[in-house]
Amino acid sequence: MVQPAESPTDPHLRQRFLAGMGLAACTVNVVTTNGTAGRHGVTVSAMSSVSADTALPTLLVCIHHLSPAVQAIINNGVFCVNVLRDDQSFVSDCFAGRVKTADGDKFSCADWTTLATGAPRVVDALAAFDCRILSAQQIGTHYVIVGSVAEIFASDSGSPLIYANRAYGTPSRFDSFRVGNVAGAETVKLGAFHTFGPYIVPKVLSGLARKERQVDLKLVEGDHRRVLEAVKSGDVDLALMYDFNLSDQIASEPLTELQPYVLLAEGHPLASQPALSLEALAEEPMILLEPPPSGDYFLSLFSRKGLVPHIRFRTSSFEMVRGMVGSGFGYSLLSTKPAASMSYDGAALVTRPLAEPTPPSRVVLARRVNSSLSPAAEAFAAECRSLFRTV
């Protein structure tokens with residue numbers, strides 16, 4: 001039976017309900033289906049077990065009645081609940097409609113397989129529950145769909161992606177906030193972008209040590225999305241990251257600007273030139289450091305001039321880029337410049353500036369707006385400022 005939406009007797013009750021429910025942390029799930037009604041999927045946070053003691057275990061999901069996926073799920077009679085890992089927020093954003101894939105097909109954001117019902121399952125989800133529909137009832141604006149679980153996938157490792165207070169997060173064990181091994185050490189929860197973090201954090205710690213301030217780090221390293229999520233969720237006090245796509249929830253303090261440069265194998269024909277134009281590079285095979293914001297930034301340098309680079313390989317690893325360039329597979333554009341002029345396997349590398357002026361990428365110290373920092377975090381931030389004043 002369909003229950004019509006009713007106006008609340010208290011006009012402010014709905015808003016208080018939404019505010020309260022927004023503080024209730026829940027897993028992030030993508031519900032998918034496939035069958036005669038087509039392949040569809042949608043991100044939902046309202047998923048719960050019903051009972052493990054029915055003939056088959058049962059669970060429920062709640063989906064807005066205007067979602068194109070809900071009627072397809074009901075008509076197909078099957079669905080799969082994909083519980084996402086903490087590094088799969090991009091999958092969630094695609095199926096929530098916040099981000100579009102390059103080809104416009106949201107399913108291209110992940111690799112897929114199937115279980116018993118044929119509904120799509122994310123290959124590397126944290127868990128997945130493959131279901132057949134027992135009932136579907138519209139209550140107000142949402143369908144409550146109860147399914148019997150036909151098959152289950154569970155990963156051996158990983159943490160769930162959670163959502164609360166309008167931000168992604170990941171659970172932290174209480175014992176992960178360990179006391180430092182050094183007597184008197186103070187804990188700082190720090191996020192660090194994976195390419196330049198290794199060149200900044202040790203210097204900052206060394207500077208603090210010279211001032212006889214011992215710091216024990218709880219460190220979150222990763223690409224921009226991972227670090228940004230850690231800041232939004234409060235999993236870190238501070239973050240060293242790029243000034244890219246920061247929301248009004250994030251306060252940022254500029255530290256330095258990084259100019260892009262060309263990385264080449266020592267024997268590359270272009271290495272004989274003192275500077276290289278983007279037009280000349282566009283014809284050469286490129287090794288792209290792809291994770292955002294790096295990939296978007298480097299590609300934008302070409303698109304601003306109406307050029308399209310020839311990308312031979314894409315990788316998320318800074319050292320993989322250096323290794324492929326050193327082995328002669330192409331050039332790369334980078335911003336972080338390590339002191340070593342060799343790749344991991346000993347290949348000689350050289351750098352050249354770009355011939356034309358290009359917009360720099362900005363490194364910032366970021367934290368949540370109106371958040372208070374511990375004395376240790378304040379000292380870490382001050383040392384970061386001091387480091388970049390002397391560079």
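In this structure, Glu290 counts as partly exposed at 36% relative accessibility, where partly exposed is the class between buried (under 20% relative accessible area) and exposed (over 50%), as computed with a 1.4 Å probe on protein chains only. The structure is a predicted model, in which local features need pLDDT of at least 70 and side-chain atom pairs count only at pLDDT 80 or more, whereas totals for chains, interfaces and linings use all residues. Residues are numbered from 1 along each chain as its sequence is written, and side-chain values use heavy atoms, with hydrogens and water left out.

Glu290 forms a salt bridge with Arg314, with 2.9 Å between the closest N and O atoms; a salt bridge is here a side-chain nitrogen of Lys or Arg within 4 Å of a carboxyl oxygen of Asp or Glu. Because Glu290 lies in the loop between β18 and α7 (294–303) and Arg314 in strand β19, the pair ties together parts that are 24 residues apart in sequence. Helices (H or I, at least four residues) and strands (E, at least two) are DSSP runs, numbered from the N terminus. The whole structure holds 13 salt bridges, among them that of Asp124 with Arg85 (3.3 Å, N to O). Asp124 is partly exposed at 38% relative accessibility, whereas Arg85, at 17%, counts as buried.

A further salt bridge joins Glu186 and Arg213 (2.9 Å, N to O); Glu186 lies in strand β13 and Arg213 in the loop between α4 and β14, so this pair ties together parts that are 27 residues apart in sequence. Five strands form an open sheet of mixed pairing, in the order β14-β13-β15-β22-β16, two strands being paired if DSSP finds at least two bridges between them. Strands β14 (215–222) and β16 (250–258) stand at the edges, each with a single partner strand, so one side of each is left without a neighbour in the sheet. Strands β13 (residues 186–193) and β15 (residues 238–242) pair in the parallel sense over three bridges, and the bridge partner of Leu190 in β15 is Leu238.

Helix α8 (residues 318–326) is largely enclosed by the rest of the structure, because seven of its nine residues are buried. These buried residues include Phe318, Val321 and Met324, and what covers the buried residues of α8 includes α4, β17 (261–265) and β18 (285–289).

The count of disulfides, defined as pairs of cysteine sulfur atoms within 2.5 Å, comes to zero. The sulfur of Cys94 is 4.1 Å from the closest cysteine sulfur, in Cys109, which is too far for a bond.

Note on methods. Contact means heavy atoms within 4.5 Å.
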